[in-house]
Every structure is written in structure tokens, then in C-alpha cells.
Amino acid sequence: MLRILNSQSRKKEPFTPLDPVGKRVLMYTCGPTVYDSLHLGHARAAITPDVVRRYLEYQGYQVRYVTNFTDVDDKIIRRAVAEGLDYRKLTATYIDEFHRMMLALNVKPADAYPRATDHIDEMLQIVERLVKAKHAYVALDGDVYFDTSSFERYGALSKRKLEEEEAGLSGRIDEERLKVKKNRGDFLVWKLLKNDKEELSKGGDAVPRWASPWGDGRPGWHLECSAMSAKYLGLPFDIHCGGMDLLFPHHEDEKAQSECAFCKELGGKESVNYWVHNAFVTVKARPQDATIAADLVDSGGVKMSKSLGNVKWLREMIRPAGPFDPMAVRMLMLSSHYRSPIVFEPALLDEATARLERIYNGLDAMREALVRAARGKEDTRGYELNAEELARFSDPNLKTTRVPLLKNTAKAREAFTAAMDDDFNTAGALSAVFDLVTAANQEAAALKPDAPVTEGHATGFRMALGTLVELLQVLGFRPQREAAASAGDGEALVELLMKTRAEARAAKQFALGDKIRDELKALGYDVEDLPGGKWKVKKK
RNA sequence: GGCCGCGUACCCAAGUGGCUAAGGGGACGGUUUGCAAAACCGUUAUUCGCCGGUUCGAGUCCGGCCGCGGCCUCCA
């Protein structure tokens, strides 16, 4: 039974979908504000819901998944104005990068990627409803604000009482804005162009604006998620994901708007059943960061921010521009629980790469064993479990079998599911994956080099391989090494060198053989010799 | 000031009342190998920040202390 830690109750709750048949699950994740490149934090914020979704699908649910782009907001406008660009051109650039990065990270595509600017009408309808129901008001300066005092449940999600937070905050409250609003927590739902501060209004016609009954302007940030989740999923829906930082104010405000604007449709119910928030990726402070006190340097992580110059850009980490396999980033993220912060340092990606490599080597060993069993067949494809085998494998009696690999496979699947059922404990699930890899390696190591692989062994390997591939896919890993970037001349030349090396070794000219191996390694090709004069070359 | 979270081996990290504290990385020793690599075997936490309490029993619950982080302003 899957249990999810719900941010709203702060408790692990058994997961029950809203769907009366219990089949469909509706999921929404707050996507990025597309004004800059993605960093490692964005990777985590995308991988977390991806694994939630994949696990739900593994459990037989049909998931409808929607994530948005915030493609209009002050940061975007400021940057577009500063660079003399049309803001749409700016956002298109980063939406494009987002899709490329998601592809690299093997994040399953969403069913819809709505953008704020395509839903201005829907947002205005919500503003209208809110104003009509007296949940929103026109402030002294003409902007439209949500009235937090009008919504009893306001603060229920983030457990905040704004009055109690004011002490000690004197220097950080925007006194000017406070003068025009009714309550400190009231937030913008419609912002008038004429109220823009100078650095924005100097953009002139480049500043986007939409007509509204309250005057030309643009929507408040939180509004888009209310509008788009209602449109693409309907309210209420099952699971809402996002970064920890969005809990307040973004999700609190989004929830308030949704529940006030659609209160009739919701019939008093809340708009979201399960709130899932992932923790940050932070970075170790560096001594040269002048804004950080010296005694903090040796501590845990600090948040990535551009002013500190410590942002870890995703595209600079992963291939082709960076040194790491994108799956290593996924491995890093899934190696700890999604609610624990990750203090990033590059060595963690080295470790994740090593972990990944162990899994790939295990997969290789299983496939090789199966090839040997099939004698002569060079193509290792087609060894994944078929439906009949899967069904057979689900038989709990398999655990009592005397083929140890079958027993260990069943054990691994059970441990994997138990861990994932416990609020998506991917670190625990990975430990089950490694146990399976070890069991398969043990079996492979026990095979005599020249003896045939028996049918019994082959069955064990096939079950283990099929299961491992399946579990890896639940976690979003590709079940084989990344294909070499170009299988062109380079690969052919490597093959030629390896043949030459084999001849040298056959003639016991080991110095030459080792030289070729060393030089290839320097070029990024790891050479492994296999029994029977065969070899394996792994591109780093 | 309010709210939330974290502190488990050399490193990453799971474990939230009860068999010997997962798993991975690293290191060291062994098997295998022409030498490597990969793989296999073994070693690496009598102890879970510190102090006290509850309990037959606590890393796990409660209280205090110390250290660290996040949110309260745009933020994944």
C-alpha cells in the first residue's frame, strides 16, 4: 500500500485516488519560470514527480500529468528589456532548453505543457469570480489583490499565521505596498501596467500587457496554476508537486484562489488531495563568497544563487557540454530521499557514475550469460520478460524455488516495492536494485568459463534481467549505457586498434597490447578483456 | 521573532520501538587475469551530535542543549 507524505497534514497518508474506480490519477507540477537556464535544482524538481508518476504507473494507475511554464513575470520582463529582446523570444529559448534537458534526463513527457500567456482569459475569469465573491478587491492603486482574510483556510497548507510572523521582520516588509493592501498577506491577482516601477516601465511597448476590466496589465503569478490545473485536470485533483520553496506563498495562494473561485464546483472540498514537495539542491559555501560569513564556510550547504555565483547549471554538468552521463544526475537525485536536501559537490556525481556503472556491468553480465545460453546468437535483444513469464514470476511460490537467482529476484522486487510504497523511498529501492545486481553477478561468477549455461540458469538470468530492467525503468533509468555520441569513424578505428591489439596479445607482445590499452584509455575508451580472447570497450 | 527540517562509518545514504544498524562509493587484503579492468570473497559503526527522561526494550518516542539548513520577498 502506497503511502505519501502530504505536506498539508505533514503525515504519511495512504494513497487513495479520487477516481471512484481507483484507476486514474491526476497530477500537476509547477514548472519553471523560463527566464534562464536550468540548474541542478530544476533537475530534482522534474525527476521527483517523474518517479512519482512512473511508480504510480507501475502500480497500474493511469496517470494524467500536467506541468506548466511560467512565461510571463517580472523577472522575464526585466531580462527581456535589459537584453532588448522580445520576451516571447526569451521564453522560447528556455522552454526549448527545458525540453532538451528533460529528454536527456529521461523524464517522461507530460500530457500537457500549458503556458501562462496562453491562458490569460481563463485567469481573468478567475479574477472576475474572485472579485464578484468579494475574495478579491481593487486596491488603492488600482491593482487587484486577493483578500486573505476572506478565506478561512488561508495558511492551512503552510501552517502560517501571518500576524504571528511579523515580529522581527520589520526591515523586510514592503511598507509601500502594505499601504495599498488590506492585509499583509494579500497577493496580486492582476497587476496594472501603470503601476510598474521604473526599471520595468522603461521597457515601453516591450512590456507585455493584456486588456482587462481593471485596466491593461498582467496576471499575478499564482493565478496561472489555478487556471491551468482546473482546465487540464479539473478540480479537485490528486497530487500536486513542486519545490519546497513553493509551499509558501505560491501553493498557499494558488490553493486559496482555486478554492474560492471554484468553491461551487468543489462543493467545499479542497482543490488538491496530496501535496508533494521536494527539498533543495544546495552548494557548499566557498571562502571567496564575500557575502557568506567565514565561519559558515565549513558548514552544510547554502542555496544556489546567482549573486553568489554558485549556481550549478544542468547543461554544464551533463553531456554533451558537460562531463557526466545525465543518468548520473538522476542517480544522484534518487540516492537520497526527495525530502532531504542534497549538498552538491562534483564528487557526488563521480560516485553516482560509479554506482551507475556497477548496474550497467551487472546488466552486461546477465546479457552475456543469456547469449552463452543461446549459443551462437549474437543479438542479446529479446531477453526481457514476456507477459507470460511476468505473470509466472508474480507467483509468490517462486520464492521457494531452488534456483537462487529466482529467489533473489523475487526478494529484490518485494524490497523495491516496500521501499517505494513508503513515500517513494528511492534510496531504499536502489539498495534492492543493487542486491539484485550482486545476486546476478554471483551467479555469473559461478559459471564455469567453458561449460554451457543450462536452461535452469538461463531462466534465472532472464527473470533477473527482466526484473532489473523493469525496476530501473520505474526509477527512470535507461537500461543500457548511453550510446556513443557518434558511431562513425571513431568507433571503426577503435575496433581496428582492438583487433591489432588482440593479435599482439596472441603473439605475447604484451607491451604493445598494454600501450594500445593505455592510449585508448587516455582517449576515453576503457578496455576490458573477456575470456576466450574477446573484449569489451566502454566509451567514457 | 514565527514556521519547518536536518545531524547514522573516511564519504554518500536507508532505517522512525524489538532478530546480527540496508545499499553504494572509497580504502585495504584475497580469488581471477600475462598485467589490468570488471566480477566474486573478506575487512572497514558494540554504535546512530550531546545530556537527561519514558519503556522490559530507543538511532527510532519525550524534554533540554549544541551545530547546521530552508521558508516567512522572486525562487525548483
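In this predicted model, Tyr28 is buried, at a relative accessible area of 0% (buried denotes under 20% relative accessible area, exposed over 50% and partly exposed the range in between, with a 1.4 Å probe and protein chains only). Phe237 is likewise buried, with a value of 1%. Numbering starts from 1 along each chain as its sequence is written, and the model is a predicted one in which local features require pLDDT of at least 70 and side-chain atom pairs count only at pLDDT 80 or more, while totals for chains, interfaces and linings use all residues. Side-chain values rest on heavy atoms, with hydrogens and water left out, and chains are lettered from A and ligands numbered from 1 in the order in which they are written.

Ten aromatic pairs were counted, a pair being two rings of Phe, Tyr or Trp (its six-membered ring) with centres within 6.5 Å, described as stacked for planes under 30 degrees apart, edge-to-face for over 60 and tilted for the rest. Tyr28 and Phe237 form a tilted pair, at 6.1 Å centre to centre and with 55° between the planes. Tyr28 belongs to strand β3 (residues 24-29) and Phe237 to strand β9 (residues 237-243), so this pair ties together parts that are 209 residues apart in sequence; helices (H or I, at least four residues) and strands (E, at least two) are DSSP runs numbered from the N terminus.

The rings of Phe69 and Phe98 are edge-to-face, because their planes stand at 90°, with the centres 5.1 Å apart. Phe69 lies in the loop between β4 (62-67) and α2 (74-83) and Phe98 in helix α3 (residues 87-104), and the pair thus links distant parts of the chain, 29 residues apart. Phe69 is buried at 1% relative accessibility, and Phe98 is buried at 7%. One aromatic cluster is formed by Tyr55, Tyr58, Phe416 and Phe424.

Charged groups also sit over aromatic rings, the criterion being NZ of Lys or CZ of Arg within 6 Å of the ring centre and within 35 degrees of the ring normal. The charged end of Lys75 is placed over the ring of Tyr35, 5.1 Å from its centre. Arg339 lies over the face of Tyr338, at 5.6 Å from the ring centre.

A search of the whole structure returned two cavities of 30 Å³ or more. A cavity is a set of points, on a 1 Å grid over the protein atoms alone, where a 1.4 Å probe fits but cannot get out, and lining residues have an atom within 4 Å of a point; grid points are joined across faces, edges and corners, and the volume is the space filled by probe spheres set on the points. The largest cavity has a volume of about 80 Å³. Its lining includes Arg44, Met333, Tyr338 and Phe424. Helix α1 contributes the most to this lining, with five residues. The lining of the largest cavity comprises seven nonpolar, three polar and one charged residue (nonpolar: Ala, Val, Leu, Ile, Met, Phe, Trp, Tyr, Cys and Pro; charged: Asp, Glu, Lys and Arg; polar: the others, Gly among them).

The second largest cavity holds about 40 Å³ of space. Met498, Arg501, Ala502, Arg505, Asp529, Gly533, Lys534 and Trp535 line this cavity. Helix α18 (residues 489-506) supplies the largest share, four residues. Three nonpolar, one polar and four charged residues make up the lining of the second largest cavity.

Key. On a 1 Å grid over the protein atoms alone, a cavity is a set of points where a 1.4 Å probe fits but cannot get out, and a pocket is an open set with protein on both sides within 12 Å along at least five of seven lines; lining residues have an atom within 4 Å of a point.
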